[in-house]
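I opened this model to look up a few local features. My notes follow.

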Amino acid sequence: MATEEIRVGGTVQGVGFRPTVYRLAKACGLTGDVCNDGQGVLIRVSGSEEAITKFVGKLQTECPPLARINQLTRIPYEGELKFDNFVISISVNNAIKTEITPDAATCPQCQQEIFDPFSRFYRYPFTNCTHCGPRLSIIRAIPYDRCNTSMSAFAMCSECGKEYHDVENRRFHAQPVACHVCGPAAWLERADGKSVTASMFSMLDDVDAVCTLLQKGEIVAIKGLGGIHLACDATQEIVVHKLRQRKKRYHKPFALMARDIEIIEQYCIVNAKEKELLTSSAAPIVLLQASDKKQLASSVAPGQNTLGFMLPYTPLHHLILRRMNRPIVLTSGNLVDEPQCIDNDEVREKLGTIADYFLLHNREIINRVDDSVVRVIGDKAQTIRRARGYAPASISLPLGFHKVPQILAMGSELKNTFCLLREGEAILSQHLGDLEKAATFNAYQENLNLYLNLFEYNPEVIAIDKHPEYLSSKLGKELADTNQIKIYPIQHHHAHIAACMAENGIPLDSSPILGIALDGLGYGDDGTLWGGEFLLADYRSFKRLATFKSVAMVGGKQAIYQPWRNTYAQLIAANLWDECEQKYAELEIFKFLKNKPLKLLNQLINKGINSPPASSVGRLFDAVAAAIGICRDECSYEGQAAIAMEAIVDVSSLNNNKETLTYPFSFSFLDSIYCIDPRPMWLALLYDLQQQIPQAVMAAKFHQGLANAIVQMVNHLCEENLIYQVALTGGVFQNCILLEQVTKQLQTLGKKVLTHSLVPANDGGLSLGQAVIVAAQLIHES
């Protein structure tokens with residue numbers, strides 16, 4: 001007879017893991033107990049060595065759907081186990097080392113129950129079990145027990161209690177379990193404060209009434225899982241346009257939700273991988289290629305050839321869409337530039353001028369969690385925004401990172417996340433947004449404090465971005481000073497590359513790789529703004545081998561939102577303005593620029609006043625887009641011009657004419673660094689404008705020319721430095737065409753290409769890179 005203590009770490013709480021342990025232990029004839037504690041799940045068993053080994057094997061192969069075992073250790077148990085059976089014991093509070101499970105979409109069994117008139121969960125909008133339902137959004141503390149969630153406000157009725165304590169039931173120890181009798185309730189309100197009842201619409205209940213309101217062209221604020229959404233019928237142009245005007249979100253695409261895949265397929269092309277993502281427990285927004293079968297309202301995604309669809313992921317959404325045979329807009333419920341609302345009073349105060357009705361409920365949202373966004377490129381999912389369904393599941397770190405101190409990485413300014421590093425894993429927060437907005441920065445600080453408390457995390461080191469004005473960096477410095485701990489400023493693009501390396505499992509002591517980091521901008525080691533970098537990098541350090549030619553960002557931040565500024569700066573930097581006056585005076589772009597205050601702009605450029613030089617490929621995209629007539633005057637969000645230009649490219653013609661459908665770039669070597677110069681591209685583009693070449697052709701030639709230039713530079717650098725691994729990272733590589741063209745060409749040349757999947761290529765993945773760089777440096781120092 002053997003007695004063992006088995007420790008299981010990973011995503012093992014709130015996912016039906018203990019019932020699985022109970023069932024398997026009983027089947028193997030073992031006695032003992034299992035409980036949750038701060039480190040995960042603790043199992044103590046007695047039985048034959050053969051039976052225990054069989055039990056451990058089954059535990060790993062028959063894991064519950066939402067569970068993930070990261071570590072499993074077995075040691076002899078020295079104490080005495082006084083059990084004549086196998087039982088589930090109460091949770092133990094000790095040091096927090098377990099994970100918090102992401103919120104999970106409604107499972108098929110719960111979906112069936114809410115539409116079954118004979119089920120006690122019929123039409124109950126908060127139905128859940130251990131396979132699905134709220135997790136991160138309702139948790140206050142670990143262990144994940146009901147008393148540590150917002151469900152503590154609801155005492156279980158006898159029927160729910162019976163299922164909760166029945167080890168054979170899938171709701172055994174499902175902490176949010178509830179029903180019509182004992183759980184949260186949803187209700188409908190009018191934004192003008194007047195009373196409303198479902199009987200006004202002859203509907204089943206208030207939730208069902210929302211469907212009728214949407215069909216009638218009303219805008220409804222819906223309190224969901226991790227925040228409030230604004231919804232309307234996506235096929236009615238008048239109401240979608242009204243929503244844009246009321247919300248002051250004039251161009252950025254709206255997210256969509258549809259009842260099922262069949263409805264989505266009426267509007268989009270959906271492949272097998274995309275279906276898999278849509279129907280997964282994470283249920284993210286998936287960017288899909290729009291088809292020509294049916295058209296949505298033109299204001300849903302202006303200037304786009306993709307649509308962002310998700311399926312219902314809560315019973316509430318399933319019930320609303322039961323009778324809805326067309327898609328709805330489901331966009332974040334907030335004022336412009338503010339975080340998503342999560343509180344009922346906040347909704348009434350802030351969204352009363354946007355929504356006509358509110359569908360609210362009385363289950364408190366503890367943690368704001370936005371919808372995740374993914375895109376399939378080739379056959380690989382690329383995460384664009386990592387939030388609901390994915391965060392805060394840990395990311396296992398590569399070999400060499402398993403013994404590191406507790407490191408807190410603060411992330412960037414835009415698309416912020418923060419990261420906690422511990423014992424071989426990275427805990428990346430959900431997407432938090434752009435910190436330059438005061439309300440978002442406040443929410444960032446609240447979430448950071450929450451995570452530090454949840455995980456009882458006391459950082460020994462803090463990593464920040466090198467940019468001195470980033471609010472995340474300033475906060476990091478304050479925390480370091482207050483707690484008297486060391487701070488490490490990390491270069492922006494090195495962090496991008498390190499994040500890509502880490503998620504691809506590159507071991508700590510690997511040889512340097514070539515990282516290509518293309519984005520809007522990041523603070524460079526020379527005090528200028530970088531954004532088109534070729535770095536020879538490992539986790540500890542990097543060397544800048546090549547870059548794109550630096551061009552002034554005239555007006556600083558204004559250049560992000562007024563693309564024409566970048567066009568003018570590019571033409572000046574290429575010494576082409578005089579040639580434009582002589583050869584291209586009749587061009588629309590030239591006439592447009594001539595009406596701008598060029599004398600003042602020239603003074604700003606020449607004197608370096610609010611016109612920092614930047615090697616930004618993001619701004620190069622803006623400049624080209626404005627030149628060919630896309631978003632020329634202004635953009636309402638960063639990257640709008642580049643996204644719109646990508647949307648008009650005819651990919652099929654691009655693939656068939658790679659040799660001829662391209663613009664040239666030149667290369668130079670100056671001050672020990674290679675440089676890609678777009679001057680030849682501008683000469684060719686101006687000529688095409690004069691010849692009235694279609695926009696789509698010019699956009700295609702720019703994409704192909706840029707891809708060719710990157711590949712040519714990479715090939716030269718790899719040969720010169722004896723490198724075969726290449727990482728593609730930074731927000732510009734969210735451009736599907738550029739990523740695919742560069743990847744295919746490099747693979748043809750025999751290079752191993754690393755791209756992002758688990759974390760965003762944009763600044764949303766930056767905190768992971770910051771954390772592993774500091775970890776590598778600390779390990780090296782020790």
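I count a residue as buried when its relative accessible area is under 20%, and as exposed when that area is over 50%. The model is predicted.

Entry 1, F548. I find F548 in strand β25, residues 542-548. Its relative accessible area is 4%, so F548 is buried. I then looked up its contacts beyond four places in sequence; among them are L518, F534, V617, L620, I676 and I710.

Which residues of α18 are buried? I note L598, L601, L604 and I605 in this helix, which spans 598-607. Viewed down the axis, the buried residues fall within an arc of 120°, so they line one face of α18. The cover over them includes β26, α15, α16 and α17. On the face turned away from the buried side I see K599, N606 and K607, which are exposed. Just past the helix, G608 has a positive phi of about 65°.

Most residues other than glycine have a negative phi, and most peptide bonds are trans. I looked for departures. Q484 has a positive phi near 55°. Q484 sits in the loop between α12 and β22, and is exposed at 75% relative accessible area. L722 has a positive phi of about 55°. L722 belongs to the loop between α23 and β30, and is exposed at 80%. The peptide bond joining A391 and P392 is cis, with omega about 5°. I place P392 in the loop between β16 and β17.

Methods
Residues numbered from 1 in each chain as written. Predicted model: local features only at pLDDT ≥ 70, side-chain atom pairs only at ≥ 80, totals over all residues. Heavy atoms only, no water. Buried < 20%, exposed > 50% of the residue type's maximum accessible area, 1.4 Å probe, protein only. Helix = DSSP H or I, 4+ residues; strand = E, 2+ residues; numbered from the N terminus. Arc of directions from axis to C-beta. Contact = heavy atoms within 4.5 Å.
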